[in-house]
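Hello,

Here is the structure we spoke about. Please open it first, then read the notes below.

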Amino acid sequence: MPSKKALVRRPSPRLAEGLVTHIEREKVDVDRAVEQWEAYVEALRTHGWETVEVDPADDCPDSVFVEDTVVMFRNVALIARSGAESRRAETIGVEEAVASLGCSVNWIWEPGTLDGGDVLKIGDTVYVGRGGRTNAAGVQQLRAAFEPLGARVVAVPVSKVLHLKSAVTALPDGTVIGHIPNMDAPSLFDRFLPVPEESGSHVVLLGGDKLLMASSAPKTAELFADLGYEPVLVDIGEFEKLEGCVTCLSVRLRGLYT
């Protein structure tokens with residue numbers, strides 16, 4: 001059976017020092033963020049996901065955004081190398097976690113840079129955002145790691161938001177969803193549905209018709225419900241102040257077989 005494991009990582013006490021690039025800095029309430037993170041993790045567990053907590057990285061303010069540290073394709077873990085040099089130490093602990101789960105581990109090497117938030121997988125198609133955190137060499141190395149496994153890698157320009165998955169994610173049927181003002185090239189996606197709110201662009205597929213999404217996108221949640229999906233809403237407001245979204249806070253490992 002396919003696995004339903006999710007890597008998560010507790011927020012650093014230095015979370016409020018996290019990077020911001022495309023938005024104005026706001027004050028972050030770290031205690032409130034921890035409460036929101038715990039509710040997020042509980043939502044995963046409630047819907048059948050086994051959470052695997054990566055060792056904390058308290059000296060890394062952005063370490064809660066564990067998605068950026070690794071990209072999974074089937075049982076292969078590609079350890080990222082962020083375009084933000086201050087984030088590169090975050091991969092320590094993640095390597096150990098994925099290796100302990102039986103993954104085959106590969107790495108992005110200099111001069112390549114890649115953030116996991118720039119990678120959107122839809123079936124065997126892997127879209128990679130080429131932008132501020134992921135460079136051409138990173139795209140090439142991801143292609144070299146995953147194409148032999150059957151992946152089709154498509155590079156997508158990203159300039160208006162931090163990561164590709166800040167702009168788009170996908171519904172269970174493969175339809176890409178996004179907020180048009182944040183997108184560089186909507187025409188690259190075969191099936192695309194615009195959403196009315198920026199944070200409505202981000203969903204985590206929990207299984208079946210359930211979509212984990214931010215409570216800050218009520219109009220989009222209503223749209224999805226009208227299409228037959230079941231939105232599961234979580235408040236991640238403190239992480240949104242740091243350009244975070246529901247996808248950033250976990251790495252879903254569906255390709256492990258037990």
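Gly207 is partly exposed, at a relative accessible area of 38%. It is found in strand β12. From C-alpha to C-alpha, Gly207 and Pro172 are 8.3 Å apart in space, yet 35 residues apart in sequence. Please keep in mind that this is a predicted model.

**Pockets**

Start with the largest pocket. Its volume is about 730 Å³. The lining counts 29 residues. Which of them lie nearest the centre? They are Lys121, Ile122, Gly123, Arg252 and Arg254. Five elements, β3 (70-73), β6 (119-122), β9 (168-170), β12 (204-207) and β15 (251-253), each give two or more residues to this lining. By class, the lining of the largest pocket divides into 15 nonpolar, seven polar and seven charged residues.

The second largest pocket holds about 270 Å³ of space. It is lined by 14 residues. Nearest its centre lie Ile23, Glu198, His202, Glu240 and Glu243. Six residues of this lining are polar, four are nonpolar and four are charged.

**Cavities**

How many cavities of 30 Å³ or more are there? The count comes to three.

The largest cavity has a volume of about 90 Å³. Among the residues that line it are Leu19, Asp62, Phe65, Arg87, Arg133, Glu243 and Cys248. Five residues of the lining are nonpolar, five are charged and two are polar.

The second largest cavity has a volume of about 60 Å³. Its lining includes Val156, Pro157, Val158, Leu164, Met183 and Phe189.

**Aromatic pairs**

The structure holds four aromatic pairs. One of them joins Phe65 and Phe239. This pair is edge-to-face, with 6.1 Å from centre to centre and 80° between the planes. It links distant parts of the chain, 174 residues apart. Phe65 is in the loop between β2 (50-53) and β3, while Phe239 is in helix α6 (residues 237-240). Buried or exposed? Both Phe65 and Phe239 are buried. Phe65 came up above too, as one of the residues lining the largest cavity.

**Cysteines**

The disulfide count is zero. A disulfide needs the two sulfur atoms within 2.5 Å. Cys248 is therefore in no disulfide either, with the sulfur of Cys245 as its nearest at 3.4 Å. Cys245 is buried, at 3% relative accessible area. Cys248 is buried as well, at 5%.

**Helix α5**

Look next at helix α5 (residues 218-226). Its buried residues are Thr220, Ala221 and Phe224. They cover an arc of only 100° around the axis, so they sit on the same side of α5. In general, an α-helix has 3.6 residues a turn, so residues three or four places apart point the same way. On the other side of α5, Lys219, Glu222 and Asp226 are exposed.

**Backbone details**

Three places in the backbone deserve a look.

- Glu110 to Pro111: this peptide bond is cis, with omega near 10°. Pro111 lies in the loop between β5 (104-107) and β6.
- Arg74: its phi is near 55°, a positive value in a residue other than glycine. Arg74 is in the loop between β3 and β4 (76-79). It counts as partly exposed, at 42% relative accessibility.
- Glu243: its phi is also positive, near 65°, in a residue other than glycine. Glu243 is in the loop between α6 and β15. It is buried, with a relative accessible area of 13%.

Best wishes

Methods: Residues numbered from 1 in each chain as written. Predicted model: local features only at pLDDT ≥ 70, side-chain atom pairs only at ≥ 80, totals over all residues. Heavy atoms only, no water. 1 Å grid on protein atoms, 1.4 Å probe; cavity = no way out; pocket = protein on both sides within 12 Å on 5 of 7 lines; lining within 4 Å. Points joined across faces, edges and corners; volume = space filled by probe spheres on them. Helix = DSSP H or I, 4+ residues; strand = E, 2+ residues; numbered from the N terminus. Nonpolar A, V, L, I, M, F, W, Y, C, P; charged D, E, K, R; others polar. Phe/Tyr/Trp six-rings, centres within 6.5 Å; stacked < 30°, edge-to-face > 60°. Buried < 20%, exposed > 50% of the residue type's maximum accessible area, 1.4 Å probe, protein only. Arc of directions from axis to C-beta.
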